[in-house]
Amino acid sequence: MTATTTVVPGDETSRAPSETQWQIVLRRFRKHKIAVVSLVLLVMLVIISALAPVIAPFPRDAPSLQTRFVPPFTVDSQGNFRLFGTDHLGRDFYTRLLYASRVSLGTAFFATLIASTIGILLGMIAGYFGGWVDIVISRTLEVVATFPTLLLLLIMSSILVQNINSIPIPDFFANFLAWVFAVSPREARIIFAVILVLSLFGWTGTARLMRGMVLSVRENVYIESSRALGASNVRILGRHVFPNALPPMIVDFTLGINATLVAESALSFLGFGIQDPTPTWGNMLSFAQSYMFQHPWMPLIPSLPILFCSIAINYIGDGLRDALDPRQRG
Amino acid sequence: MVAFLVRRIFQMFVVTIVAALLSYGLLYLVPGGPVDALLAERQNSGQDRINQADIQRVQQRFDLDVYLPFRFTRWLIGWPSGPLFGSVGADWAIGCQTPGQVRLVYPDGTFELVEEGCADYLTLAELEGRRVSRGVFFGDFGVSQVILRDRPVSDLIATRLPYTLSLMGASILLAILIGVPIGIYSAVKQYSRFDYTMTTIAFIGSSLPSFVFGIFAILIFSVLAQRAGLPFLPPGDAVGVRDYTIPWIGTVQAGSFLDRFLRFLMPVSVLTFINIAGWSRFVRGSMLEVLQQDYVRTARAKGVREQVVITKHALRNSLIPFVTLLAGVLAALFGGALITESVFNWPGLGRLFIDALGRNDYNVVMALLFINVVLLLIGILITDILYTIVDPRIRLG
């Protein structure tokens, strides 16, 4: 027993100089087979959704009475092959699913990015400076965390989506978002509103986690020596505190994407998020539910991507957690 | 303890007021509402055009002509309801009955009427005799504006409450009864096949969206079962409207106990499944932590039987963090499961919230939000107090 424990660290140190920190993480991550498979499939999905306008076989919103409810893998009355069938308005499911992936994944990604940035910044400030700054941020955090999140998400989203024209979003920004999501600028405004709402409530967990990390990191001797050398607070935070508190944040970000993805789908499913004709997995599923008695295959089309992404992102988060944990060896 | 209680109740009070202010302010920003609804109704039906008096009447009924701060206080505590102390300030303006109109004439001769200032102020004296709620703070939530026009919101909530309570109560109870033993067993047999299976199921259960679960349940147990000629479950609603026949069971009368039970089954199962994941994971984590404690090792070293170690030494201590979950349970019992209720068209409070929000019935939305926040806060307070009771090491200060 003692023999093996003394050999393993020796092994580690002999290999250490040739490997950077990130190479170690990568090597460890690759051991988690399911996570690797999930990551590869997810990246493929992202690439496919990025290419949506190029590979989509039909126009996104073109309704057609002759081709309603065409089942998957069949040829419709017009002689077109429908990979995933058509919806209640005769729109091609495969085409809409491609665009929906872009909208759903993109919304989740950007909302989590904003929420994590806010959370990391506030958590870092609260943890590092302490005192009244910490009290103000922590109290705000507690109050926001007491609110029934789903109710407020629904209320905020419903307000913003109804008032979409009175929200000041610069045209160039709306156009940029429209380009990112491959939608019209008007649709991009609604997507932006939903991103805002989702990020507004998503930062509390990250902030709490970051604050805790910073509280432990700032006690390290290297922070003290850095300060003794005359480094400014910004430099200490940026060069020493942030990189050392980063690993749990990466896991948190990954799992955050899943939470946001599910939240966005739920909002759109209930009719308070992104609205038809902009396709998202959530609102496609909501329509599919109304017709599932006549066409049982319909709800499967939009819900399978949601299931896949949820599970895949969770496994990736799991793999990252194991890979980034310094207490684990090998 | 007393000082703690006083401080916490004061904090709760502040948070409640802030939440009320926020929710009221938020919803005030939403367009639509009774006046717009009336306008649209009239316009669509093609009847006589709506006139200023109609608008005024509707505004009066829903207090829309009172300035926002006072409308808020009237909503929150039912004040002011007339001149102060009976006579002071009878002619003070507190709102605007008819906005003033200014005629803007453009150089090319066209003109436009713009609302500007106020032509007819609403005074405190005029508020007298107007129906006002006793205030949300005292449990009067006013009247519903759209869903059940003019009926008290509390009536609406009272009719929906039993459905939510039964659904949430049954599913939480079942989830605890099933989830806790699973969690304990997983922890005791850590890394066994059972543990791996349960962890994976819990992992999937906690990461998947509940509406996908609900729809899959309907798909399998209603749609596909019915198509295959097997016994199936009714897909939604709490009570049926007409009789239906289920293979092997026979005809089910609408509104009978069997009908209600069959419709109850699916939403409860879905919610239970989702909750089991959370409970079992929680208990497993807490149990694993306790099993590593010194006193568990001591008990084993003394030769106490494993079964007694688990039930007496480990289990009882592992249930201490359990009370933290109670904070959420209280609000969940009342708030219901928004998404699951929507999927199964279950007439509970969650569904009511979605309906009210979708149809701009603000009083109902605000009442539900307000009740939810208050219950959450009460839940947290109860949790803190319970904590000191079950764990003597913790003192409130």
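This is a predicted model: local features need pLDDT of at least 70, side-chain atom pairs count only at pLDDT 80 or more; totals for chains, interfaces and linings use all residues.

Mentor: What follows is a close look at that core and at the contact between the chains. Residues are numbered from 1 along each chain as its sequence is written, chains are lettered from A in the order in which they are written, and side-chain values use heavy atoms, without hydrogens and water. The predictor gives the complex an ipTM of 0.83 and a pTM of 0.84; chain B has a mean pLDDT of 82, with 93% of its residues at 70 or more.

A nonpolar core is a set of buried Ala, Val, Leu, Ile, Met, Phe, Trp, Tyr and Cys residues joined through side-chain atoms within 4.5 Å, where buried means under 20% relative accessible area (1.4 Å probe, protein chains only). The largest such core has 132 residues, and those touching the most other members are A:Leu154, A:Ile155, A:Trp281, B:Ile157, B:Phe211 and B:Phe353. Its largest share, 14 residues, comes from helix H15 (residues 362-390) of chain B, helices being DSSP runs of H or I, at least four residues, numbered from the N terminus. Because domain 1 (31-140) and domain 2 (154-390) of chain B both contribute residues, this core lies between them; the bounds come from an automatic or database domain assignment.

Leaving aside neighbours within four places in sequence, B:Phe353 is in contact (heavy atoms within 4.5 Å) with residues including A:Leu151, A:Leu154, B:Leu338 and B:Val365. The contact between the chains takes 38 residues from chain A and 40 residues from chain B.

Conventions. pLDDT is the predictor's confidence in each residue, from 0 to 100. Buried means under 20% relative accessible area, exposed over 50%, partly exposed in between (1.4 Å probe, protein chains only). Helices (H or I, at least four residues) and strands (E, at least two) are DSSP runs, numbered from the N terminus.
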